[in-house]
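This report covers the packing and sheet arrangement of one model. Please keep the sequence and structure at hand.

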Amino acid sequence: MATPVIMPRQGQSVESCIIGKWHKKKGDPVSPGDLLFTYETDKSTFDEEAKVGGILLDIFFEEGDDVPCLTNVCVIGDAGESTDEFNPNKKEEEKTPETTQAKQAEGESPTAPVKEEQAAIISRKEGERIFISPRARHLAEKAGVDILSTPGTGPNGRIIERDVAGMIEKGKVATAAAFKDYQGKALDVTGSGIGGRITMSDLAAPGALESMASVATTKAAETGPDYEEVANPTIRKTIAKAMHASLSNMAQLTLNSSFDMTEINEFRAKIKASKETLDLPNITINDIILYAVSRTILDHPYCNAHYYDDKTLLFKNVHLGVAVDTPRGLMVPTLFNANRMSLSEISTTSKSLGEACRNGTILPDSLKGGTFTVTNLGTLGIESFTPVINPPQTCILGVNTIETKVKMAGSELKPYPAMTLSLTFDHRALDGAPAARFLKALVVNLENFSALLAR
Amino acid sequence: MPKSQFVDPDILRKPSKITFTDIDVNAYNKTVQEESAIYTKADFMRIYHDMALIREFETMLYSIKTTNSYNGLEYNNPGPAHLSIGQEASAVGQTYLLDTDDYIFGSHRSHGEILAKGLSAIEKLSENELVEIMESFFDGAVLKAIEPTADKSDIKKLAREFLVYGALAEIFARETGFNKGLGGSMHAFFTPFGIYPNNAIVGGSATIALGSALYKRANKKPGIVICNIGDGSMGCGPVWEAMMMSVMDQIKQLWGEGYNKGLPLIFNFFNNNYGMGGQTRGETMGYDFLARAGAGITPNQMYAERVDGYNPLAVIDAMRRKKEIINKEGGPVLLDVLTYRISGHSPSDASTYRSKEEIEAWEKHDVLQGFERQMVEAKLATPEEFAAIREEIKALITKVCGLAIDEKISPRMDLYKNPLAIESLMFSNQKIEKMEDREPEMLLPRGEDPRSKQIAKKIRYAYDADGKPVSKNRVFQLRDAIFEAIRDKYYTDPTLISYGEDVRDWGGAFAVYRGLTEAVPYHRLFNSPISEAAIVGSGVGYAMSGGRAIVELMYCDFIGRAGDEIFNQLAKWQAMSAGVIKMPVVLRVSIGSKYGAQHSQDWTALMAHIPGLKVVFPVTPYDAKGLMNSALAGTDPVVFCESQRIYDIGEQFHKEGVPEDYYEIEIGEPDIKREGKDITFLTIGTSLYEALKAANELETKYNMSAEVIDARSITPFNYEKVIESVKKTGRIVLASDACARGSALKEMAQTISELAFDYLDAPPVVIGARNWITPCFELEEHFFPHATWFLDAIHQKIQPLPGYFPVQNFTELEQIRRNKLGV
């Protein structure tokens, strides 16, 4: 029966020992008491003697090897016996390192976790004992932070450095000169001084005085906060959601191109002149652009599309969203099948949709289903902007104001009326070149509007 | 226990008897007439003179203490004066044969011994030697006080005046005294005459004298050492420890040729029958004759005998015989010198414990009158001659007393003019590579011991090239670092000696000394008995005599056993000697863990509290070697704390690894182990490693970067680095494994509060061990601070951490509750 010899553990803290010297070779006969090998700990050298007699059948470690305690080092037995089962090198298992991490004690915790303090400006009463660390007080003095208005998030509500730093970050700091007037007033004043410091002139500004007055009044009456709370109406929430989703989900970018309005102006002049005789509505520039889009876009199917992660819907008809500014906020009614409408129909329908929006009588179904949107800030003098796409549409066209530009006519500079179009497209749905091609085609069609009408 | 000695059961189990030889009691019985062959008349008269001088000196002090006047001089001495009127013969008899190579150590009642030994030394020194001593001592400051009025034609007479003045000025706490007034009555001494410190702790000189004798033996120095202690000290543990250690068999049996003779030491008990007011014989102890104790200590009974200390010739005779024994066979010797103090314990002693009759009976045995009567009866001298001696002495004492109370001639230290006068003496702060210039005696060339060979194969940085930790058996450990510094010093300083429990063969309980056994001869590295007081106290005596010692207490917890030796002896003698004495002693103390309440305590605070000790606690191999090198190069006592948790740790911070060459780390300089900007951790001891864990967690979970500073030293301590850090971070947590209350950290936290108050965002927070007994290892996580405690403390006391659930309660209510209960 073969007997393994283990590396003894010389003390609790010893994890492994180094074999110093072998006094027997593999195959040597050994008797009980024979010195087998010496081994070393970091503290001392020890002798390992044979406890049984026989043949030293196998040696698993050499001199100098670092052997974990209680591991088999060699085997003594009768000639011919197998030693495999004792060989630690054959069943090498990675010992998981001892985890000495302190156990998280369970049960009740002596204090509750801190809530993230709201860092709103607060207002302490004059003469109220303020608990503030020396460091925070110094920083506040240096930076011009009003400690009467500074919330304390340290132990027991002590104002600590991070609280003052928070005030500085929010710009709640005043210059030394302004500090006396500023202190204790919890003013919501924006600073215009160095590093956003509130200056004497900021305090002297009408808003500030109002604010100061209102604060004073509020403080005197102690009637709650110095602002009016207005609940967000659903439309605002809807817009907010849609616009934010749009920007956060899409890869939007805007192309700008301008066109010569000379022909459109001539066309509008003619219509105006014969309006009554021909019973035509008042055709606006926006109507003309809607018409041009409806007649151009079908050649550029990815611009008249809905984009989803796994598919794109390319529409066969053009349903134009027309952005309308209403007292309740932005609304976008849809001009369905605009590609099948005459210019006159487009003009009449879009006007009635706009009215309905402004009056609040618009049907919900009319606010859906657009495949492309046109938005117009031109009447407000905007020269160029980046309209935000109404998902899942892939494009939106921004219409800007009319400017006078010049171009070379032969050797002469010639002024002409020009309008810039801003096309935002979703780069996920289409690339820059196809979008640009659409915009270019639109521009060409607008510059040659009579020819477009003739088609 | 060395393997060369065999504990043989066959011999040890045999029946036999312990036999004793008779111990002589007052065996001397010769008359002056009979002794005329040995002593000339001048010798006899000198014996009388010296006794009379002591008597007059003490009479003067008694008069001043009790009446504020002496011989027309007026003076009030508020300091102590433990007089020995009646004991003069024992002092003079003892020192009669001694010269300046012979050292005496004394007690609180040692004025007589100082004077007797000084007078004996003056007798034996040449005039040139005397002039040299007087002129060089404190650059002649003592001499200058007496010079203008002294008769310089007679150098011996001048020297006697110098001696009396130096001692008295010291008693009166004058800067012109032998120890600049910093020793005072109970501590006055003058090493150039072989007068070593007198000790106000009863029996305090026993262990110190042992160390001095060790120094003489281990460095082959001439002379003997006498430990003068009283019969009251027979009840003191350290006295017994000193006797036990002084007779250790190994000196004769194991120490090499030239060193294997018993120590040249006499435990001389001036047995005046009282320990203060307690009668040592008949009341507080039960030995009957003190000399009996010798029979209980060694087979030679320490050559003990009772000597009649009321007869100077009997004492001289005993000293002559004992010196001979010491020279031939070696000591130590125990002498029970019978004496009696007529004066009280101190001038306030009302003698409530003894009868008037008793005092009167001893006065009838008065040694001065008795000696004079014998001499006159033997017709060796006339009463007039004795009267003349007394007159001369009275004139001398009167003159010296006048000088010593003169504020101009004998001013006190002016701490207004020189406020640094005392502080500059607290440490000697010198660098002395070797205490003596000669070849150190070693058994092997440097580096050839087995340990050094093993170390040569080790990796001197904790991480390999790939950043993986090197295994414990292959890495250069903290214990190796300490070993290396000590080994190297052994090859540099021939006086270096080290001892403690199990330091040889075993290599120290934690294997720091392993390998030194093979390289260092026995007399320089040996196992002491389990006598902590004697281990430390003898280190003090060894250093005081001119050597350098490393003494070891196996566990920090054993400091209590050596309390007086650390707190009153090791710490104080440099300053109490006004810089005459240096104290190059390194006291190694190992701070335990896992072993419960009496083996796991960090007592750095106790040592840091005592002025005069340097205290260091390195926790990395690089720091350990550098600080040990510094400690061993200096001349101050350094308590070198080690931790058993980390003897096997490798160097994790000094990327170049621990240098093989010599380098020093300045004692008192903390070290930034990790840089950070949001909070500072200052640690003493192994808490460093917990602090680093906490720093990592703060960084990863709470986006706070912690700067971790390892104090390394506790005394002295340079706060500059810490304050700089706190100015930057505004927050500090201090941690160590010492019980928090009264810990060194509390001292540091308070100092930081003062030095950085305006920069603090929260009070400095101390996390130490709980104020409990140390529980068993399995419960230690509830007792010693670990990483989570740092976060707990930060969350509750400094800056709440978002979403953190603390485990330990650091709230103010809890703090008040615990303090209320004292836990």
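Two residues are in contact if their C-beta atoms, placed from the backbone, lie within 7 Å. The model is predicted.

## Nonpolar cores

By that criterion, and leaving aside neighbours within four places in sequence, F790(B) is in contact with F681(B), A691(B), A694(B), V733(B), A735(B) and I767(B). The largest nonpolar core holds 266 residues. Y165(B), L587(B), F681(B), V733(B) and F790(B) touch the most other members. Helix α3 (residues 41–67) of chain B supplies the largest share of this core, 11 residues.

A second, separate core has 48 residues. Among them are M331(A), L335(A), V374(A) and V388(A).

## Around V142(B)

V142(B) lies in helix α7 (residues 141–146) of chain B. With 26 other C-beta atoms within 10 Å, V142(B) is buried. Beyond four places in sequence, its contacts are F137(B), F162(B), Y165(B), G166(B), T176(B) and F178(B). K30(B) is 112 residues from V142(B) in sequence, and the two C-alpha atoms are 41 Å apart.

## The six-stranded sheet

In chain B, six strands form an open sheet with parallel pairing, in the order β4-β3-β5-β6-β10-β9. β4 (195–198) and β9 (305–308) of chain B are at the edges; each has a single partner strand, so one side of each lacks a neighbour in the sheet. Neighbouring strands are turned by 25 degrees against each other on average, direction ignored.

Within chain B, β5 (residues 225–230) and β6 (residues 265–271) pair in the parallel sense over six bridges. C227(B) has F267(B) as its bridge partner in β6(B). Helix α9 (residues 204–218) of chain B packs on the sheet, touching β3 (103–106), β4, β5 and β6 of chain B. The direction of helix α9 makes about 175 degrees with that of β5(B).

Conventions:
Residues numbered from 1 in each chain as written. Chains lettered and ligands numbered in written order. Predicted model: local features only at pLDDT ≥ 70, side-chain atom pairs only at ≥ 80, totals over all residues. Helix = DSSP H or I, 4+ residues; strand = E, 2+ residues; numbered from the N terminus. Buried ≥ 20, exposed ≤ 12 C-beta atoms within 10 Å, placed from the backbone. Core = buried A, V, L, I, M, F, W, Y, C linked by C-beta atoms within 7 Å. Pairing = 2+ DSSP bridges. Axes fitted to C-alpha atoms, helices over the stretch in contact; angles between N-to-C directions.
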